[in-house]
Amino acid sequence: MGPFMFDSLQQLRLRLQQYRPWRLRTRGREASVLLALTDELDPKVVLTLRSPNLSTHSGEMAFPGGKRDPEDRDLLATALREAEEEVALPPGQVEVIGSLGQVVSKHLLQVTPWVGVISPQLPLEPNPYEIERIHRVPLSYLLNPANQRMDQIHFSGKVQQVPAWEWQGELIWGLTAYVLAELLNVGFGAGIPLKLRPEHQEAEHE
């Protein structure tokens with residue numbers, strides 16, 4: 001699949017305005033991530049390869065993000081602060097266009113994903129203490145069915161099908177792949193199969 005032949009980010013803006021994402025009913029430890037999309041004909045999403053020296057999610061592909069600090073006024077502020085700390089993305093350079101459904105990480109953090117648009121010319125730099133490498137993955141690559149796959153995982157005694165992608169020798173999987181699939185389904189009608197997550201049985205749409 002080549003570059004989009006329409007204003008794909010404008011379509012995404014409109015669809016996110018109408019979208020009612022999952023919101024968890026219970027309150028727990030909170031975190032948030034930023035899906036930063038470059039404003040160009042074939043937009044790219046910013047992903048990080050986390051340092052192998054980190055205590056959690058080491059060596060994994062992930063969005064910039066992390067746990068909420070007491071000083072953060074809200075979860076959007078958390079996502080923007082973490083993106084600045086991890087990849088030197090200035091908060092003032094992010095046009096936030098919406099959010100996706102809240103999910104619970106394997107470390108039981110309640111994660112809120114935010115979607116933002118940035119200039120493709122921004123010179124992002126990885127924080128060497130946290131980030132091994134920055135990747136910019138084209139949405140057209142993720143939307144191409146030839147690049148998508150469904151993996152089986154065992155969770156709570158059941159076998160579940162979950163989306164995954166390979167990109168430049170790295171695997172995009174787990175919560176990151178789930179959130180990406182939701183973005184592609186909501187924004188571009190990708191039709192990637194997503195099973196209802198356990199936490200969404202105790203959640204509600206906004």
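This is a predicted model: local features need pLDDT of at least 70, side-chain atom pairs count only at pLDDT 80 or more; totals for chains, interfaces and linings use all residues.
Where is alanine 88 found? Alanine 88 sits in the loop between helix 2 and strand 6 (95–99).

Residues are numbered from 1 along each chain as its sequence is written, and side-chain values use heavy atoms, with hydrogens and water left out.

View 1. Alanine 88 is partly exposed, at 39% relative accessibility (buried is under 20% relative accessible area, exposed over 50%, partly exposed in between; 1.4 Å probe, protein chains only). Helices (H or I, at least four residues) and strands (E, at least two) are DSSP runs, numbered from the N terminus.

**View 2. Helix 2 (residues 75–87) is mostly covered.** Of its 13 residues, 10 are buried, among them Leu75, Leu80, Arg81, Glu82 and Glu86. The buried residues pack against strand 2 (30–38), strand 3 (44–50), strand 5 (65–67), strand 8 (110–118) and strand 9 (131–138). Contact means heavy atoms within 4.5 Å. From first C-alpha to last, helix 2 reaches 18 Å, close to the 18 Å expected; the expected span is 1.5 Å times one less than the number of residues. At the start of helix 2, a side-chain oxygen of aspartate 74 comes to within 3.3 Å of the backbone nitrogen of leucine 76. Helix 2 also has the highest mean pLDDT among the elements, 98, while strand 13 (residues 203–205) has the lowest, 75. The chain mean is 89, and 91% of residues reach 70 or more. pLDDT is the predictor's confidence in each residue, from 0 to 100.

**View 3. The largest nonpolar core holds 36 residues.** A nonpolar core is a set of buried Ala, Val, Leu, Ile, Met, Phe, Trp, Tyr and Cys residues joined through side-chain atoms within 4.5 Å. Leu12, Val115, Leu142, Trp165, Ile172 and Leu180 touch the most other members. Helix 1 (8–18), strand 2, strand 3, strand 8, helix 3, strand 11 and helix 4 (174–188) each give two or more residues. Helix 4 supplies the largest share, 9 residues. A second, separate core of 14 residues includes Leu75, Ala83, Val87 and Leu124. Beyond four places in sequence, leucine 12 contacts Leu37, Ile97, Val115, Leu183, Gly187 and Phe188.

**View 4. Tyrosine 141 and tryptophan 167 form an edge-to-face aromatic pair.** The whole structure has 1 such aromatic pair. The centres lie 4.9 Å apart, with 70° between the planes. Rings of Phe, Tyr and Trp (its six-membered ring) pair if their centres lie within 6.5 Å; planes under 30 degrees apart count as stacked, over 60 as edge-to-face and the rest as tilted. Tyrosine 141 lies in helix 3 (residues 139–143) and tryptophan 167 in strand 11 (residues 158–167), so the pair ties together parts 26 residues apart in sequence. Tyrosine 141 is partly exposed, at 22%, whereas tryptophan 167 is buried, at 12%.

**View 5. Glutamine 161 lies in strand 11.** Its relative accessible area is 35%, partly exposed. Glutamine 161 touches Met150, Asp151, Gln152 and Lys195, not counting residues up to four places away in sequence. The C-alpha atoms of glutamine 161 and methionine 150 are separated by 5.8 Å.

**View 6. Glutamine 168 has a positive phi of about 50°.** This residue is not a glycine. Glutamine 168 occupies the loop between strand 11 and strand 12 (170–172). At 58% relative accessibility, glutamine 168 is exposed.

Notes: A polar contact is a pair of N or O atoms within 3.5 Å; within protein, one must be able to donate a hydrogen and the other to accept it, and residues adjacent in sequence count only if both atoms are side-chain atoms.
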